Amino acid sequence: MLGLQAQAWLNVMDFGARKDSTESNTLAIKKAIAAAVNKGGGTIYFPAGKYITGPIHLKSNITIYIDAGAELHFSDNFDDYLPMVESRWEGTAVTNFSPLFYGNNLENISIQGRGTIDGHGKKWWGYSEVEVKKQTEDSKWQKEFKRLNKAVLAPDLPGWIERGFLRPPFIQFLNCKNVQIKDIKIQNSPFWTINPQYCDNVTVDGVTIDNPPSPNTDGINPESCSNVRIANCHISVGDDCITIKSGKDRSGRKINIPAENYTITNCTMLRGHGGVVIGSEMSGGVKNIVISNCIFDGTDRGIRLKTARGRGGIVENIQVSNIVMRDIRDQAIVMDMEYAKSEPGPISERTPKFRNIYINNLSGTTNRIGYIRGLEEMPIENVAFSDINMQGSTGFLVLNVNGLTLSNVNVAVKQGSLLSVNNGKELNILNVKNTTPAVDKSLIELENCQSVDVQSCFPTIGTALFLDMVGSANESIYVHGNNLARVKQILRGTYKTGQLSSNINPLEIK
């Protein structure tokens, strides 16, 4: 990766740049990049100062180095981001405003340094969220967008594409190899902040992202990329902190490039709708993802997987471990296949799948610990939780799952059951405990469940009911090897087949 020892070291001041914020430096930066290209590549150096610029288009073998004390402030004049370029917007391939940093079909590109880049997104947010909705006829930008996007494969649900004013991502590289973004601070993004597309070998390391409460200002969104490493980042944004995506609906399925081989580690996330999110744009598939050693503090959700009928694509082989969460507003863990409400239908390429998801070593405080909802026609497959130690208002709510394991789950849940499952098959429940049991609810609640094994549990004092069997469709229920001495009642309801055996039965607790 190019850096301080690149072939050429070019100071933008030598190309006519002004660092006193008095005029635009777009042309000076372009000249510096062209000069580096003529030398076979190099580093474009920004010394301390305040620079005003329009979009910066990189070339192969170029490093942008923004030194400590240097600030790049991007214009909020929409015309500066014309002509429109090839892009992707929320998973749909389009021709749109140029991203602030942009490149296509490049290799060996880097943005680094201890300086700051500022997207001045406020004007973009206000125009797209307020002005566009009030206007009675299209602006010149919308007319240009619609002229260039007559054949666009719009998402199933109409929305932004039809409206035609799409804010640009801050950093978007397409079809590039060997991409590095390191150490810089990024703030006030117009839209998604770091958004590589169809890239291979991407590293985002030591980056700080600070976007105020604002619409769709996600932090790091590598989409349809391979071999991605995100580490040591500090993120506070107006939407999701880190998301993994691979295209939306017809456009995503046509391009059909998965997001694969990602590692996310040693990051802190202080504000956002989700800490690490997969989807909802995942029509090209997502696979082989490792998330570890992160802290989520005050995000709306922790780990979130989301999709809907119509997306298609498979999310599989996801490993999450060693996560600390604090004050999560909604759910610590979400796997939701009905992110957009729709009616069940026949299985086809439009039907998404979630499978092989493993989550272990979680601790912290939240509202609901886990919410897992598969589709009636496509249940979530093979999910495992282990070594969970959390405090929450409510526990796990599970719908439509085939293959669920909970082991070593020791939580403090204030309301309801620790685990409630509706329409579940192949459930393994081992050593689960709620240290603050609800006096009017069971520890475990099953409805329409088959092939369930419950063992090695030792419920705490105050557990009124161990297992509640709701309805008449539960079958093959096996409860064995549990210490139920401190439970007032083992079972309520009936099951068709199964067995209770080798349990320590309730004792009279004085």
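On a 1 Å grid over the protein atoms alone, a pocket is an open set of points where a 1.4 Å probe fits, with protein on both sides within 12 Å along at least five of seven lines. A volume is the space filled by probe spheres set on the grid points, which are joined across faces, edges and corners.

**Ground rules.** I am working with a predicted model, in which local features need pLDDT of at least 70 and side-chain atom pairs count only at pLDDT 80 or more, while totals for chains, interfaces and linings use all residues. Residues are numbered from 1 along each chain as its sequence is written, and side-chain values use heavy atoms, with hydrogens and water left out.

**Second largest pocket.** I looked up its volume and found about 330 Å³. It has 18 lining residues, meaning residues with an atom within 4 Å of a point. Nearest its centre I noted Thr-26, Lys-30, Pro-55, Ile-56 and His-57. Helix α1 (26-38) and strand β5 (56-57) each give two or more residues to this lining, and α1 gives the most, with seven. I reminded myself that helices (H or I, at least four residues) and strands (E, at least two) are DSSP runs, numbered from the N terminus.

**Largest pocket.** Here I found about 600 Å³ of space. Of its 32 lining residues, Lys-248, Ser-280, Glu-281, Arg-311 and Tyr-339 are the closest to the centre. My class tally for this lining is 10 nonpolar, seven polar and 15 charged. In that tally, Ala, Val, Leu, Ile, Met, Phe, Trp, Tyr, Cys and Pro are nonpolar, Asp, Glu, Lys and Arg are charged, and the others, Gly among them, are polar.

Last, I followed strand β8 (residues 85-89): four of its five residues are buried, so the strand is largely enclosed by the rest of the structure. I counted five bridges to the antiparallel strand β9 (residues 92-96); two strands pair if DSSP finds at least two. Val-85 has Asn-96 of β9 as its bridge partner. Two residues lie between the strands of this hairpin, and Glu-90 takes a positive phi near 50°.

Definitions and conventions: Buried < 20%, exposed > 50% of the residue type's maximum accessible area, 1.4 Å probe, protein only.
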